[in-house]
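Please look over the model shown below before reading on.

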Amino acid sequence: MSDIPKSVKILDIVQENSLVKTYTLDISLHGKPGQFCNIWIPRLNEKPFSVADDDGKVMKFSIAEIGPFTQELAKKKVGDKVGIRGPYGKGFEYKKGEHLVFLAGGYGAAPLYFLARQAGEDGCEIEFIVGARSENLLLYIDKIKKLKNVHLHIATDDGSKGYRGYNIEVLKEILLNKKIDHIYTCGPEIMMKKVSEMAFEKNIPAQISVERYMKCGFGICGNCVNDGTGAPSCKKGPVMSNEEVRKLKDFGQYHRDEEGMKVKL
Ligand code: FES
């Protein structure tokens, strides 16, 4: 782990869908699925992003263009440099050989893809549900199809690809028909709140990626503290067990912004 930003070259940029690009950086910080790094653009700012891949040689980050920082990042070309520090936080964990279900909404598919690649190689069987509003916003579909021991399920709100409706309905169906050992989810918090409730009702353990406004990344600034437990998400999370998540008062209700003000979901 490095707390001092390292300057690294962008080796490759791939447009994944209408909103998301994957940046390959010329560095490995030995990041794990579910952990995050802060990417820094000199004279602008730095922001945390989930590790989408780290093979020991290069790292990948799949980033949606949704604000001033990511719009500036989107102007970068192959060969340009950015700063990076991390990785931070707790990632996902699994036991070899288990039957798992992954529920990804939006760009939550990227860290779960990284996890599925490792878990599939380790003999886990994985039901991987990817959901988005419509087909053009689905992420990593071709990559997931190629993974070992992974069965892909697609849901779109408008029915343009796969099941028409919410991915949570596909999860419900899978839990009715298959014996699942563990549930993993990453994506919009309203969706993950439903997963948390469903996992609790079915008495199946779950791991949930709780995103908060991260600044320092290592438990000092207090910006990412969760209401209910007072635990910093950057240290206790972002990935938490469902037991931990169920103690959070803010989960599925509101976030806190840069100034610590409540923002309703
Ligand atoms: S980001 Fe600073 S305490 Fe978590």
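Predicted model: local features only at pLDDT ≥ 70, side-chain atom pairs only at ≥ 80, totals over all residues.

Residues are numbered from 1 along each chain as its sequence is written.

**The whole chain**

- The chain has 7 helices and 16 strands, where helices (H or I, at least four residues) and strands (E, at least two) are DSSP runs numbered from the N terminus.
- Its radius of gyration, taken over C-alpha atoms, is 18 Å, close to the 18 Å that the globule rule (2.2 Å times the number of residues to the power 0.38) gives for 265 residues, so the chain is as compact as a globular protein of that length.
- Of the 265 residues, 42% count as buried; a residue is buried if 20 or more other C-beta atoms lie within 10 Å of its own, exposed if 12 or fewer, and partly exposed in between, with C-beta atoms placed from the backbone.

**Strand β6 and its partners**

- Strand β6 covers residues 59-64, and because 5 of its 6 residues are buried, β6 is largely enclosed by the rest of the structure.
- Strand β2 (residues 20-25) pairs with β6 in the antiparallel sense over 6 bridges, and two strands count as paired if DSSP finds at least two bridges between them.
- Within β6, Phe61 is the bridge partner of Tyr23.
- Strand β5 (residues 53-54) also runs antiparallel to β6, joined to it by 2 bridges, and Asp53 stands opposite Lys60 in β6.
- A hairpin is formed by β5 and β6 with 4 residues between them, and Gly56 in the turn has a positive phi of about 90 degrees.

**Two domains**

- The chain is divided into domain 1 (2-88) and domain 2 (99-264), with bounds that come from an automatic or database domain assignment.
- The contact between them takes 19 residues from domain 1 and 18 residues from domain 2, two residues being in contact if their C-beta atoms, placed from the backbone, lie within 7 Å.
- On the side of domain 1 that touches domain 2, β3 (36-41), β4 (45-50), β6 and β7 (81-88) each supply at least two residues.

**His99**

- His99 is found in strand β8 (residues 99-105), and His99 counts as partly exposed because it has 14 C-beta neighbours inside 10 Å.
- Not counting residues up to four places away in sequence, His99 touches Glu125, Lys178, Lys179, Ile180 and Asp181.
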